[in-house]
Amino acid sequence: FEEGGTRAVTTTQKVVENTKTSFNLLVIVGGLGVILYLVYMVTSFKMAMKKIKSDSRAITILGDNMKGYGDPHSRTRKRLEHQPYEVAGVDYLRVVFHIEGTKRTGVVHCDLKKSDSGWKTRYITIILDGFPQGRISIEDNRLEVDSEDLPEIDYSDIEIKD
């Protein structure tokens, strides 16, 4: 004991305490990152469902009262299949979920690209189950979204000879 009744803290005890604090902080920050990622994935699911429900072709083929869900083989059907990936330093997110209407069912493929202004939809496509097979393209912005990253090329100094 030191003067005043406090216990002397050794260097080893300080290191152990700082390590515990750092680990706890790392766990909290990692947990917040996972939560934010899941919130965005659910937001992209809701955005895709809104666009599908407003598409006249999807309503005609799938039927009214469409509902989307994750893995049909899980107990809660809430687990969305998702795949983050990176191409040339740009982040992408692919979300796959099932959709069910009163007439037919299908699998929705939604692909998003991260840009300076946020996430942009590259495409939303429904692959229909059963017979006859089919595909409904709800939205396809790949040409516009992917062309943003292409370098600007100046063709003014090129001569065309006949």
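Reply: The answer starts with the chain as a whole, then turns to the salt bridges and the strands around them.

This is a predicted model, in which local features need pLDDT of at least 70 and side-chain atom pairs count only at pLDDT 80 or more, while totals for chains, interfaces and linings use all residues. Residues are numbered from 1 along each chain as its sequence is written, and side-chain values use heavy atoms, with hydrogens and water left out.

The protein chain has 3 helices and 6 strands. Both are DSSP runs numbered from the N terminus: helices are H or I with at least four residues, strands are E with at least two. Along the sequence the order is α-α-β-β-β-β-β-β-α. Of the 162 residues, 26% count as buried. Buried means under 20% relative accessible area, exposed means over 50%, and partly exposed is in between (1.4 Å probe, protein chains only). Among contacts with a separation of 6 or more, 46% are between residues 24 or more positions apart; a contact means heavy atoms within 4.5 Å.

Now the salt bridges. Side chains of opposite charge can pair when their charged atoms come close. The term is used here for a side-chain nitrogen of Lys or Arg within 4 Å of a carboxyl oxygen of Asp or Glu. The structure holds 5 salt bridges.

One of them joins E139 to K51, with the closest N and O atoms 2.8 Å apart. E139 lies in strand β6 (residues 134-140) and K51 in helix α1, so this pair ties together parts that are 88 residues apart in sequence. E139 is buried, at 17% relative accessibility, whereas K51 is partly exposed at 28%.

Another salt bridge links R57 and D55, at 3.2 Å from N to O. R57 is partly exposed, with 39% relative accessibility, while D55 is buried at 13%.

R142 and D140 form a further salt bridge, and their closest N and O atoms are 2.9 Å apart. Here R142 has a relative accessible area of 34% and is partly exposed; D140, at 40%, is partly exposed as well. Finally, R94, D111 and R122 are linked in a network of salt bridges.

Strand β4 (residues 105-115) and strand β5 (residues 118-128) pair in the antiparallel sense over 10 bridges; two strands pair if DSSP finds at least two bridges between them. β4 and β5 form a hairpin with 2 residues between them, and G106 has L128 in β5 as its bridge partner. β5 is also joined to β6, the strand that holds E139, by 6 bridges in an antiparallel arrangement. I126 stands opposite I136 in β6. The hairpin of β5 and β6 has 5 residues between the strands, and in this hairpin G130 takes a positive phi near 80°.

Helix α1 (residues 11-53) also contains V27. Together with F23 and L26, V27 makes a nonpolar surface patch of about 330 Å². Patches are made of residues with over 30% relative accessible area and no salt bridge; like charges are joined within 9 Å, and nonpolar side chains (Val, Leu, Ile, Met, Phe, Trp, Tyr) within 5 Å. V27 is partly exposed at 48%.

Conventions: Areas by Shrake-Rupley, 256 points an atom, 1.4 Å probe, with all protein chains shown as cover.
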